[in-house]
Amino acid sequence: MTRDEFETFAHRLADAAAAATLPHFRSALAVENKIGADDGSAEAFDPVTVADRAAEQAIRDLIFEAYPDHGLHGEEFGIVPGAGVYEWVIDPIDGTRSFVSGVPLWTTIIGLRRNGVPLYGLVDQPYVGDRFWGGEGSAFTRCRDGEPRQIRTRACASLAEATMMTTAPAAISGPGERARYEKVERQVRLARYGADGYAYCLLAAGQIDLVIESGLQAYDVVGLVPIIEAAGGVFTSWSGDDAHYGGTVVAAGDPRVHAAALEALNA
């Protein structure tokens with residue numbers, strides 16, 4: 001699949017997902033808890049709605065019609081193995097907690113892997129009208145019906161100069177992870193919360209410098225990696241290895257602040 005072919009098709013997928021999600025946003029829709037039992041803690045609530053499922057189904061229908069030999073991994077309906085080298089990895093609503101709260105920081109994340117390696121990505125926030133996409137050395141954004149413009153990460157030499165985002169410190173809950181994360185947060189100039197996958201797009205566009213998270217899944221990251229790397233950023237695990245399948249993530253716009261974050265996390 002060429003870059004142009006991906007972009008044309010991924011924009012169709014994003015438009016189809018938007019048509020499925022937007023009628024439900026800020027509406028009185030039912031919310032289910034995928035975890036089941038709820039002990040009252042924030043992390044025991046993993047919401048899913050009819051909008052999540054409708055968006056993923058719309059994307060799946062288009063992919064299997066156009067590319068029946070491609071694999072697909074979606075958050076809501078699982079994995080369908082393909083017969084070739086390509087696999088789509090989809091999060092129909094990344095940030096469902098924001099979606100059900102009426103906060104326009106959720107996105108649809110569409111990624112394409114070739115032989116298991118993230119190749120292209122597209123992220124859409126249809127209510128605001130922001131769309132980001134990239135891979136193979138260049139990344140772009142457009143605002144609603146505006147013209148695409150190329151994006152690059154910004155320079156940031158140290159943690160003391162950095163703006164960092166994470167979805168929620170409470171979500172960084174693996175053994176010892178919270179204390180390690182807090183070592184970094186204490187050193188940055190500004191920390192902000194709550195943007196889920198949108199934060200990585202802001203990083204690619206040069207608005208922030210660092211994103212640190214843990215407990216992520218492949219569908220959370222595959223569509224983000226190509227955009228960040230094409231914009232000049234770095235995307236790894238906390239140990240500095242690739243994070244293509246999720247887990248812990250350090251994304252940075254400048255290799256210098258990425259190195260400083262890894263040093264603090266692993267001190």
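Reply: Contact here means heavy atoms within 4.5 Å. The model is a predicted one, in which local features need pLDDT of at least 70 and side-chain atom pairs count only at pLDDT 80 or more, while totals for chains, interfaces and linings use all residues. Residues are numbered from 1 along each chain as its sequence is written, and side-chain values use heavy atoms, with hydrogens and water left out.

With residues up to four places away in sequence not counted, tyrosine 200 touches Val211, Glu213, Leu216, Leu224, Ile228, Phe235, Val249 and Ala251. Tyr200 is also among the residues with the most contacts inside the largest nonpolar core, which has 28 residues, and Phe132 is another of them. A nonpolar core is a set of buried Ala, Val, Leu, Ile, Met, Phe, Trp, Tyr and Cys residues joined through side-chain atoms within 4.5 Å; buried means under 20% relative accessible area, exposed over 50%, and partly exposed in between, with a 1.4 Å probe and protein chains only. Two or more residues of this core come from each of helix H5 (198-204), strand S13 (210-216), helix H7 (225-230) and strand S15 (247-252), where helices (H or I, at least four residues) and strands (E, at least two) are DSSP runs numbered from the N terminus. H5 gives the largest share, six residues. A second, separate core of 25 residues includes Ala20, Tyr86, Leu112 and Phe140.

Turning to the charged pairs, the structure holds nine salt bridges, each a side-chain nitrogen of Lys or Arg within 4 Å of a carboxyl oxygen of Asp or Glu. Side chains of opposite charge can pair when their charged atoms come close. In one of the bridges, arginine 131 and aspartate 15 have their closest N and O atoms 2.8 Å apart; this pair links distant parts of the chain, with arginine 131 in strand S8 (residues 130-135) and aspartate 15 in helix H1 (residues 3-21), 116 residues apart.
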